[in-house]
Amino acid sequence: MLLLLLALTLASSEALRMTALRIPQHVVLNQTVRMECDFSLDRESLYSVKWYKDGHEFYRYVPSEEPRVHVFPLDGVAVDRRSSTEKIVVLHRVNDDSTGRYRCEVSAEAPAFHTVSDHADMTVVVLSERGPTITGAKSKYQAGDIVNINCTSAPSKPAALLMWYVNEEPVDMQYLKGPYIVDVDKRGLETVVLILEFQAWSNHFRHGDMKLKCLATISSVYRRSKEHRVVGDHGILKQPMESRETRAQSHMHNNGKIFYTE
């Protein structure tokens, strides 16, 4: 019995296995995407590596054939042959059709023909150059006043996640209404609004000011905010301050992410 268990353990340790699948969850329109399918052959020989999108094969690597790389036409999938290998597939300029489920399938040579596979979903994000907007805010409030203001996202796909902050503190859900989808354009880009409503009191004014901020995010690839400052009844009246937004020198960083920060 002990010998049988030992044999099974050795056999399993020598079998083909998938060690990692790296596919970004969100990527930006027109970005170049690198997907990795890592596997261990142990003592087996590689027969083929195949990639599928939504069940349709678009890439095949067969080391025993010449050429080794085979690419099959598929909407939204533009493979960079030179940069793609048995473990890496690079896609050029992803578009709306690139969104979907990607699966990597690895097969070993005869006689076992072991096969392993794994999959992950990727969503192409379509962004607007604009950040969120704040409407309905006054330049001055006094204790007891009702603050009722809207934050409206710029059109995007998928819709941005909106969050309200008062004096840099996140607002409790009980003071929020929405988010509501208020528009969907021809490309499917969605505009959403999140309403903030609460009663202002003296503790909301720090040094006579109250700062209202709306933050819009989409995963880790998009981050924009809008601020509006108001003064209390006994403070010095100030002009409403527009958002303090600064963009990075380049929208595209080395890691492919886009950040917009205050």
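Modeller: Two strands are said to pair if DSSP finds at least two bridges between them. The model before us is predicted. In this model, strand 1 and strand 3 meet that criterion, since they pair in the antiparallel sense over five bridges.

Biologist: Which residue is the bridge partner of Leu 21 in strand 3?

Modeller: Leu 21 has Cys 37 as its bridge partner in strand 3.

Biologist: In what order do the three strands of the open sheet stand?

Modeller: In general, strands of a sheet pair through backbone hydrogen bonds, in either a parallel or an antiparallel sense. Here the order is 1-3-7, and the pairing is antiparallel. From one strand to the next, the twist averages 15°.

Biologist: Is Leu 91 buried or exposed?

Modeller: A residue counts as buried when its relative accessible area is under 20%. Leu 91 has a value of 0%, so it is buried. Leu 91 belongs to strand 7. Not counting residues up to four places away in sequence, Leu 91 touches several residues, including Met 35, Phe 58, Val 77, Val 79 and Tyr 102. Thr 32 is also one of its contacts; the C-alpha atoms of Leu 91 and Thr 32 are separated by 5.7 Å, although the two residues are 59 residues apart along the chain.

Biologist: May we turn to strand 4? How many of its eight residues are buried?

Modeller: Seven of the eight residues in strand 4 (residues 46-53) are buried, and the strand is thus described as mostly covered. Seven bridges join strand 4 to strand 8 (residues 100-108), and the two run antiparallel. Within that pairing, Val 49 stands opposite Val 106 of strand 8.

Biologist: How many bridges join strand 4 to strand 5?

Modeller: Five bridges join strand 4 to strand 5 (residues 56-61), again with antiparallel strands. Tyr 52 has Glu 57 in strand 5 as its bridge partner. Strand 4 and strand 5 form a hairpin with two residues between the strands, where Asp 54 takes a positive phi near 50°.

Biologist: How many disulfides does a search of the whole structure find?

Modeller: The search finds two disulfides. One of them joins Cys 37 to Cys 104, with an S to S distance of 2.0 Å. Cys 37 lies in strand 3 (residues 33-40) and Cys 104 in strand 8, so this pair ties together parts that are 67 residues apart in sequence. Cys 37 counts as buried at 0% relative accessibility, and Cys 104 counts as buried at 0% as well.

Biologist: Why is the disulfide of Cys 37 and Cys 104 called left-handed?

Modeller: The torsion about its S-S bond is about -85°, so the disulfide is left-handed.

Biologist: Which residues form the other disulfide?

Modeller: Cys 151 and Cys 214 form a disulfide, with their sulfur atoms 1.9 Å apart. Cys 151 lies in strand 11 (residues 146-152) and Cys 214 in strand 16 (residues 209-218), so this pair ties together parts that are 63 residues apart in sequence. The link of Cys 151 and Cys 214 is left-handed, with -75° about the S-S bond. Both Cys 151 and Cys 214 are buried.

Biologist: What pattern do the disulfides of the chain follow?

Modeller: When bonded cysteines are counted along the chain, the pattern is 1-2, 3-4.

Note on methods: Residues are numbered from 1 along each chain as its sequence is written. This is a predicted model: local features need pLDDT of at least 70, side-chain atom pairs count only at pLDDT 80 or more; totals for chains, interfaces and linings use all residues. Side-chain values use heavy atoms; hydrogens and water are left out. Buried means under 20% relative accessible area, exposed over 50%, partly exposed in between (1.4 Å probe, protein chains only). Helices (H or I, at least four residues) and strands (E, at least two) are DSSP runs, numbered from the N terminus. A disulfide is a pair of cysteine sulfur atoms within 2.5 Å. Axes are lines fitted to C-alpha atoms, for helices over the stretch in contact, and angles run from 0 to 180 degrees between N-to-C directions. Contact means heavy atoms within 4.5 Å.
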